[in-house]
Structure formats: structure tokens, C-alpha cells
Amino acid sequence: MRPLVAHIDLDALRHNYQLACRCAPQSRSVAVIKADAYGHGALECARALEADVPAFAVASIEEAISLREGGIKVPIVLLEGIFTADELALVDQYGFWISVHSEWQVTALLDFSPRQPIPVWLKVDSGMHRLGFSPEEAPGVWQRLVNAPQVTALHLMSHFATADAREGSYFNQQMAALTTLAEKLGAPLCLANSPATLAWPVAHGDWNRPGVMLYGSDPLEEANEITRQLRPVMSLRSEIIALRELDEGEPVGYGGRWQAPRRSKIAVVAAGYGDGYDRHAVDGTPVLVNGQRCAIAGKVSMDMLTVDVTDVPEVAIGSEVVLWGSASNGAVLSIDEVARYCDTISYTLLTGVLPRVPRHYNEAHV
Ligand SMILES: *Cc1c(COP(=O)(O)O)cnc(C)c1O
């Protein structure tokens, strides 16, 4: 069998969720498990967390239904609400919570007669300029919804554009607009994503919405004593499938991008962009071979990549290679570091791991 596997550590997932809760002890935290739990398997992650979380959040009704059909009983929030008015019947049937960000959604909701009132998070655009009502429009919409028989547990929801950055001026501007609005309406808040959960206690509301931190990625520009306690949930591991010696000056792979600066030993690893490993990885991108840091040498291919292992003792066919996450000897390669070498963020690497990569869970019952 091809040795490439994404190992998913559900204990680390629970640890990271508890860390999010400890950061914001006055808030309830929904676990954001959209996009198949950022590539980790939504149902498996939901089952691992269900005993501890008050609610889950996903991006669409399809994602929510597959969790319900998989036996998940706790509330599930649709972060972007409904995409078409006929989804409201399913929202009612399955007992989902919805966000409302557009006038057509308000109209559809007020034209609908649910069996029981629907919990609603009213989305305000406080500066992200993506979804939501402006702070000027929001009070009018709030008044239409707050006493409507279709609606219960109305909250104000908003999203931050720069909570990951150390420099806080734009964050503070968003926060000031939200505080003014919340005081005027007496509204409970749901604001904080992972970086705001970790770094901006002022944003902790009635609810928070941590996502990527649950999977062990540090979303902050600068790590702190809390983010250093995050544990990687996914470890993408493969093996060496071939080894060769090259003379000084000999190139490796497509286009000969990397050329041996000395007599070198090159390992061929079973992992490539056809698995979701980013082809933008430059020469020097770290991997762990037998738990020791090495560097990618040459362009990533569809099913393989090549690593300079000249300085690794005892490499052999079958030696363990970690693309990110933890090695058998306990060494850890941060996905955030790998992402920087690929000129991207952990989110794209995690959600990019393709279905042909088997996920192995450290629990029998998932
Ligand atoms: C994805 C998402 C989150 C979680 O963001 P992270 O940066 O992964 O913590 C929170 N809120 C909304 C609306 C989202 O779409």
C-alpha cells in the first residue's frame, strides 16, 4: 500500500478545544468544523468533541445535514445561513441555527412558519466588507427580528479582518463599532474567530467561533505562551520509496530547479500535489526524515517529492517522512512553518489534502 497517511489525533483536537475554552472562560465556544473540519473529517471530529461542545458551526446546510445524519445531536449553526429560501424547511426540520446577513434572508424568514422558533445570529459588517448589514442598517433589522415569532435567541455576529495581526488599529475600529451597536440594542455578541479568541479578550462574547486553532495551527502573526500549547491534530506522514547519490552539479526533478551543491543523497518520498501537498513549496521547505529536519530539493511532482538527506544517518527505503505534524520520535514540524515556505496559510494546506490520502484516527469508535 502507498505509505502516505494523514494521522488525525483526536486527543489533540480535544486539548486544543479546551485551550480555546480556557482562553475565554466567560464565553461558550462553537467548534467550527466547516470544510470537512478543515480537512480532518467533520463527522469524526464532531463525534470526538460532541460531549464537550455546546454547538458546531459549518458553512452550509449540506454540511449540517451530513452531521445530523451521522448522529450528531448538538445544535449546528449555518455560518452563512441559507442559500435559498426553501432551505428554511430543512433548517426547521433538523433544528439548525442560522446566521442572517442579507435582506432577502430576513424576508424569507419572516414569510416562513417554523414549527418552533429558530435561533438567529444577525450578521453585521463591522469592517470585513464581505457579509452582513452595515452598523446603520443593523438596528432596523434587529427590531424586525427580535420579537418575530419565527426567531429566538437573537445574537449579533460579526467577523474580524485583522485579528491575527499584532497591530490593532483596524481591529479596535471594528470593535468600537460593535460595542456601540451592542449597547444600543442590548444585544449578546458572537465575534471571536481563533485569533480573537487567543489574543483579544475584549472580543470575547456570549459565544466565540474558534476554527483553525482547534486543529493546532497558530493563527497569530506572533506566537504567544497560549499558542505554544496548541498540539497538531493532523500529521501527514509518508516514507522514502527510493534513494540515489548525485554528483555535484547534477539537477533533480522537473526543470532541474535544484542542483546538487556537493555530492548529495536524494530521497524520493511518496507525496505530491496530487495528494494536496503544495506545489509552491520552494527548495528548502522543511520535512522530517526519521524525525530530523531536512529540506525539499526540486519541484514537487504529482505523486512524489524529493528531499536532500545527505546529512541524515541511517536513511533507507521505508524511513519515515513527516510533511507536517509530529514524527514517531516526538519531533514536530509546524504546518504554519511549512505554509510560509509555500507562500500560503495552514488553512489551504489542511483543506487541500485530497480524498486519496487515507485519514487514520487514533480512536476505534470513530
Ligand atoms: C471560518 C470562520 C470562523 C473560524 O475562523 P478561524 O480563523 O479558523 O478561527 C469563524 N467565523 C466565521 C464566520 C467563519 O467563516
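Helices (H or I, at least four residues) and strands (E, at least two) are DSSP runs, numbered from the N terminus. In those terms, methionine 302 is placed in the loop between β16 (292-296) and β17 (305-308). The model is predicted: local features need pLDDT of at least 70, side-chain atom pairs count only at pLDDT 80 or more, and totals for chains, interfaces and linings use all residues. Residues are numbered from 1 along each chain as its sequence is written, and side-chain values use heavy atoms, with hydrogens and water left out. UniProt positions are given in the numbering used here, with shortened feature names, and annotations may be inferred rather than shown by experiment.

**Binding-site annotation**

- An unreviewed UniProt entry lists Arg130 and Met302 under "binding site".
- These residues are spread over 173 residues of sequence and are also spread in space, up to 34.6 Å between C-alpha atoms.
- Of these residues, Arg130 is included in the lining of the largest cavity; a cavity is a set of points, on a 1 Å grid over the protein atoms alone, where a 1.4 Å probe fits but cannot get out, and lining residues have an atom within 4 Å of a point.
- Arginine 130 is located in the loop between β7 (118-123) and α7 (138-146).
- Arginine 130 counts as exposed because its relative accessibility is 55%; buried means under 20% relative accessible area, exposed over 50%, and partly exposed in between (1.4 Å probe, protein chains only).
- With neighbours within four places in sequence left aside, arginine 130 is in contact (heavy atoms within 4.5 Å) with Lys123, Asp125 and His159.
- Methionine 302, at 43% relative accessibility, counts as partly exposed.
- Not counting residues up to four places away in sequence, methionine 302 touches Gly272, Tyr273, Gly274, Asp275 and Arg356.

**Active-site annotation**

- The "active site" annotation in the unreviewed UniProt entry covers Lys34 and Tyr254.
- They span 221 residues in sequence, and the farthest two C-alpha atoms are 35.7 Å apart, so they do not all gather at one spot.
- Lysine 34 belongs to helix α2 (residues 34-39) and is partly exposed, with a relative accessible area of 31%.
- Leaving aside neighbours within four places in sequence, the contacts of lysine 34 are Ala57, Val58, Ala59, Glu63 and Leu79.
- Tyrosine 254 is placed in the loop between β12 (251-252) and β13 (258-259), and at 59% relative accessibility it counts as exposed.
- Residues up to four places away in sequence not being counted, tyrosine 254 touches Lys299 and Ser301.

**Ligand surroundings**

- Among the 13 residues around the ligand, those that come nearest are Lys34, Tyr38, Ser194, Val212 and Tyr347; a residue is near a molecule if one of its heavy atoms lies within 4 Å of it.
- An N or O atom in the side chain of tyrosine 347 is 2.7 Å from an oxygen atom of the ligand, a polar contact being a pair of N or O atoms within 3.5 Å.
- A polar backbone atom of glycine 211 is 2.9 Å from an oxygen atom of the ligand.
- A nitrogen atom of the ligand lies 3.5 Å from a polar side-chain atom of histidine 159.
- On its own the ligand has 390 Å² of accessible area, of which the protein covers 92%; accessible areas come from the Shrake-Rupley method with a 1.4 Å probe.

**Glycine 127**

- Glycine 127 is also placed in the loop between β7 and α7, and with 7% relative accessibility it counts as buried.
- Between glycine 127 and histidine 159 there are 32 residues in sequence and 8.2 Å in space, C-alpha to C-alpha.
- Apart from neighbours within four places in sequence, glycine 127 is in contact with Tyr170 and Gln174.

**Helix α5**

- Helix α5 (residues 87-94) has Glu87, Leu88, Val91, Asp92 and Tyr94 as its buried residues.
- The elements covering these buried residues include α4 (61-69), β5 (76-78), β6 (97-100), α6 (103-110) and β7.
- Aspartate 92 has a relative accessible area of 7% and is therefore buried.
- Not counting residues up to four places away in sequence, aspartate 92 touches Phe112, Pro114, Arg115 and Gln116.
- Glycine 95 follows α5 and has a positive phi, near 70°.

**C-terminal domain annotation**

- In the unreviewed entry, UniProt lists residues 233-362 as "domain: Alanine racemase C-terminal".
- Over residues 233-362 the chain is 10% helix and 37% strand, with the end C-alpha atoms 10 Å apart.

Note on methods: 1 Å grid on protein atoms, 1.4 Å probe; cavity = no way out; pocket = protein on both sides within 12 Å on 5 of 7 lines; lining within 4 Å. Polar contact = N/O pair within 3.5 Å; in protein donor to acceptor, adjacent residues only side chain to side chain.
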